[in-house]
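Morning, everyone. Please look at the screen while I talk, and follow along on your own copy.

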Amino acid sequence: MWTKRQLIFIYDVIWFTLTAFGGAQAHLGMMLKNFVKKRQYISENELLELNALTQILPGPSSTQTLVGIAYKVGGLPLALITFFIWILPSTALMCLAVLSYTILGQKEKFDKVLEYIQPIAVGIVGYAAFSFSHVVLKSHTAIWLAIGSLFATLILRNAYAFPILILVGGIVSSTIQTAAEENSLRFKLFSNINPRKIAYFIGVLLLFAALGALINRTSPFSLPIRLFENFYRNGIMIFGGGQVLVPFMYTEFVEMKGYLDSNQFLSGYAFQQALPGPTFSFTSFVGGMTLKNAGYSFYGQIMGSFIAVLGINLPGLILILFIVPFWNDLKKITRIKNSLSGINAVSVGFMVAAFFLLLKPVGVDFQSIGLVIITILLLQFTKIKTPLLILAGVLLGIFI
């Protein structure tokens with residue numbers, strides 16, 4: 001039986017899902033505002049700890065953080081319900097975009113709307129970076145780690161830089177803050193880990209990789225099986241959230257395998273940027289378009305969207321639900337606890353870097369910069385909600 005608090009949480013998740021524009025960086029700021037300061041489902045420290053945990057795990061960080069909050073509020077059932085509420089709306093819309101792709105062919109009108117929406121989205125990211133940095137950067141070490149990760153991200157422009165920088169941030173803060181003695185709790189903790197769960201996690205990948213290799217390429221089941229393996233494997237490899245997802249997807253599915261062309265890929269990504277919800281829902285478009293281009297029917301394209309979203313999210317969902325139950329023990333290990341401040345500081349650097357990187361495609365002109373600045377100021381000094389800003393951008397694109 002659901003408690004009143006849990007039912008209110010479900011309502012808040014639905015509202016958050018429909019209003020969570022701006023990607024993972026903006027989502028975190030909204031979680032801090034809605035789930036911590038407004039409702040107090042968890043404390044500010046617990047949210048920061050969950051965010052740090054998702055940064056050291058592969059997968060969609062916003063999804064993992066939200067599911068982690070739900071687990072703390074109502075256990076596994078509420079966590080699973082929250083997961084589906086969070087992913088279904090944007091996933092369904094991205095699947096619909098595949099089924100009616102010719103609508104996106106109205107490029108002139110579509111681009112006009114994006115001309116206003118994208119700077120607003122960048123402003124939302126900038127505001128989230130400012131809010132999060134104000135909470136996290138409380139020491140000289142944290143400030144220097146944030147600055148270092150910012151410049152490293154802008155210079156390296158490599159997906160593998162994210163897990164390396166996260167590791168460095170954790171090691172630096174742990175080394176500085178941890179005394180010579182180590183908490184013996186680690187032995188108790190790791191003795192509780194069930195190796196069979198790890199075997200199942202890896203076994204899913206190996207099973208579908210083997211099926212994809214062995215099944216006849218002319219079989220109608222061949223491409224869907226290989227597609228699931230591709231997305232599941234990427235779900236294990238992608239650290240750093242949505243900003244890492246797109247270059248991974250483009251390299252593998254456009255440049256290497258030619259499942260869809262660059263115009264289709266970029267149109268789908270642009271459409272996703274105008275939607276609330278997880279950035280990883282973009283995979284719904286990639287999966288559906290892959291099967292569309294391969295000649296699959298209406299239902300086959302829906303299956304492609306479902307396969308992609310399930311494959312990319314499953315590793316991260318399994319990991320967060322596997323770790324959160326004993327996270328209270330895990331964070332008591334001195335070195336791990338002390339690494340969290342460094343990991344969060346590095347995350348601030350990622351957020352600021354994402355802000356600057358997103359400015360480039362938007363364009364550095366008076367209109368774009370003005371919209372970015374106005375968005376940040378409105379979010380900081382007024383009670384105007386994010387969806388109203390996005391709606392304003394859509395209306396400007398349509399009527400101006």
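Start with helix 1 (residues 4-19) and helix 4 (residues 61-99): their axes come within 10 Å and cross at roughly 35 degrees. Helix 1 passes helix 4 in a right-handed crossing. Who makes the contact? On helix 1, the residues are R5, Q6, F9, I10, V13, I14, F16 and T17. On helix 4, they are L66, I69, A70, V73, G74, L78, T82, I85, W86 and P89. Sort this contact of helix 1 with helix 4 by class, and you get 13 nonpolar residues, four polar and one charged.

A word of caution before the next pair. This is a predicted model. Mean pLDDT for the protein is 80, and 81% of its residues reach 70 or more. Where is confidence lowest, and where highest? Helix 8 (residues 185-191) is lowest, with a mean of 49, and helix 13 is highest, at 94. Over residues 183-187, pLDDT stays under 50. For that stretch the model has seven contacts beyond four places in sequence. Where pLDDT is low, the predicted coordinates should not be read in detail.

Now to helix 13 itself. Helix 13 (residues 282-293) packs against helix 14 (residues 298-323) at an angle of about 140 degrees, and the axes are 7 Å apart. Roughly antiparallel would need an angle over 145 degrees. Helix 13 and helix 14 are therefore oblique to each other. Their crossing is right-handed. Helix 13 brings T283, S284, G287, G288, L291 and K292 to the contact. Helix 14 brings G300, Q301, M303, G304, S305, A308, V309 and I312. By class, this contact of helix 13 with helix 14 has five nonpolar, eight polar and one charged residues.

Helix 14 has another partner, helix 10. Those two pack at about 30 degrees, with axes 8 Å apart. Helix 10 and helix 14 are therefore roughly parallel to each other. This crossing, too, is right-handed. From helix 10 come P224, L227, F228, F231, Y232, N234, G235 and I236. They meet M303, G304, I307, A308, L310, G311, I312, L314, P315 and I318 in helix 14. In this contact of helix 10 with helix 14, 14 residues are nonpolar, four are polar and none is charged.

Last topic: aromatic rings. A pair of aromatic rings is described by the distance of the centres and the angle of the planes. How many aromatic pairs are there? The count comes to 13. One of them is F231 with F253, which is stacked: 4.8 Å centre to centre, with 20 degrees between the planes. F231 sits in helix 10 (residues 222-237) and F253 in helix 11 (residues 242-256), so the pair ties together parts that are 22 residues apart in sequence.

Notes
Residues are numbered from 1 along each chain as its sequence is written. This is a predicted model: local features need pLDDT of at least 70, side-chain atom pairs count only at pLDDT 80 or more; totals for chains, interfaces and linings use all residues. Side-chain values use heavy atoms; hydrogens and water are left out. Axes are lines fitted to C-alpha atoms, for helices over the stretch in contact, and angles run from 0 to 180 degrees between N-to-C directions. Helices (H or I, at least four residues) and strands (E, at least two) are DSSP runs, numbered from the N terminus. Angles under 35 degrees count as roughly parallel, over 145 as roughly antiparallel, 65 to 115 as roughly perpendicular and the rest as oblique. A crossing is left-handed if the near helix is turned anticlockwise from the far one by less than a right angle, and right-handed if clockwise. Contact means heavy atoms within 4.5 Å. Ala, Val, Leu, Ile, Met, Phe, Trp, Tyr, Cys and Pro count as nonpolar, Asp, Glu, Lys and Arg as charged, and the others, Gly among them, as polar. pLDDT is the predictor's confidence in each residue, from 0 to 100. Rings of Phe, Tyr and Trp (its six-membered ring) pair if their centres lie within 6.5 Å; planes under 30 degrees apart count as stacked, over 60 as edge-to-face and the rest as tilted.
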